[in-house]
Amino acid sequence: GPYRLPVAASAQTRTGLIAMQYRLVQGSNRQLDIVLGARHWDVDTRFAYQIAAEVPVGPLPRSYSASQGQSWWDVQVGAKGQYTFDRGFFVSGLALVGSGGSNLAYDLMLIGGYRINDRVAWFVGYRRMDVDFRTAQGFAFDAALHGPGIGLELQF
């Protein structure tokens, strides 16, 4: 149409995991760990719009801006495993699920990589994190965060 409604909406998410693991299976080319930890979430959202003077708005305000944020912790439990092929190639996976501040949160990751030596490896993978968080005051963050990644592992 002839009118444009400039709207700005954003959400910034930060998360971190503090965890410990216990090795259930240790073989020459495979390992399986159980993982127990706590994940911290920090979410900031913002919504704003500005309506031009020539646009009829009726009872709406011509401009509006609001932001909200929440932080919470979730207990996470799951498993992590790795299988190493000949010549240093490996596949690895992680599956965590839990709740606490959120109704449900999970973290799934699949990695393929190459171990250069005992302390250095590079990898590529795909990760999906899903969280459903709601407060009694109406704040809701029900999101799936996913995508490919590349990394370098350094052990010391």
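**Side-chain contacts in a predicted model**

Student: Which parts of the chain does the pair of Arg23 and Asp33 tie together?

Tutor: Arg23 belongs to strand 1 (residues 7-26) and Asp33 to strand 2 (residues 30-50), so the pair ties together parts that are 10 residues apart in sequence. As for accessibility, Arg23 is partly exposed, its relative accessible area being 32%, while Asp33 counts as buried at 1%.

Student: Where in the chain are Arg127 and Asp107?

Tutor: These two residues form a salt bridge whose closest N and O atoms are 2.6 Å apart. The pair links distant parts of the chain, with Arg127 in strand 6 (residues 120-134) and Asp107 in strand 5 (residues 104-115), 20 residues apart.

Student: Is Asp107 buried or exposed?

Tutor: Asp107 is buried, with a relative accessible area of 0%; Arg127 is partly exposed at 30%. In a further salt bridge, Asp142 meets Arg134 with the closest N and O atoms 3.4 Å apart, and Arg134 is partly exposed at 45%.

Student: Which residues are linked in a network of salt bridges?

Tutor: Arg14, Asp42 and Asp44 are linked in such a network.

Student: How are aromatic pairs read, and how many does a search of the whole structure find?

Tutor: One reads the distance between ring centres together with the angle between the planes, where under 30 degrees counts as stacked and over 60 as edge-to-face, the rest being tilted. The search finds 8 aromatic pairs. Phe47 and Tyr64 form a tilted pair, at 6.3 Å centre to centre and 55° between the planes. This pair links distant parts of the chain, Phe47 being in strand 2 and Tyr64 in strand 3 (residues 63-84), 17 residues apart. Phe47 is partly exposed at 35% relative accessibility, and Tyr64 is partly exposed at 39%.

Student: What is the geometry of the pair formed by Trp72 and Phe133?

Tutor: That pair is stacked, with 3.7 Å centre to centre and 5° between the planes. Trp72 is in strand 3 and Phe133 in strand 6, so the pair ties together parts 61 residues apart in sequence. Both residues are buried.

Student: Which residues form one aromatic cluster?

Tutor: Trp41, Trp72, Phe133 and Phe139 form it.

How values were computed: Residues numbered from 1 in each chain as written. Predicted model: local features only at pLDDT ≥ 70, side-chain atom pairs only at ≥ 80, totals over all residues. Heavy atoms only, no water. Helix = DSSP H or I, 4+ residues; strand = E, 2+ residues; numbered from the N terminus. Buried < 20%, exposed > 50% of the residue type's maximum accessible area, 1.4 Å probe, protein only. Salt bridge = Lys/Arg side-chain N within 4 Å of Asp/Glu carboxyl O. Phe/Tyr/Trp six-rings, centres within 6.5 Å; stacked < 30°, edge-to-face > 60°.
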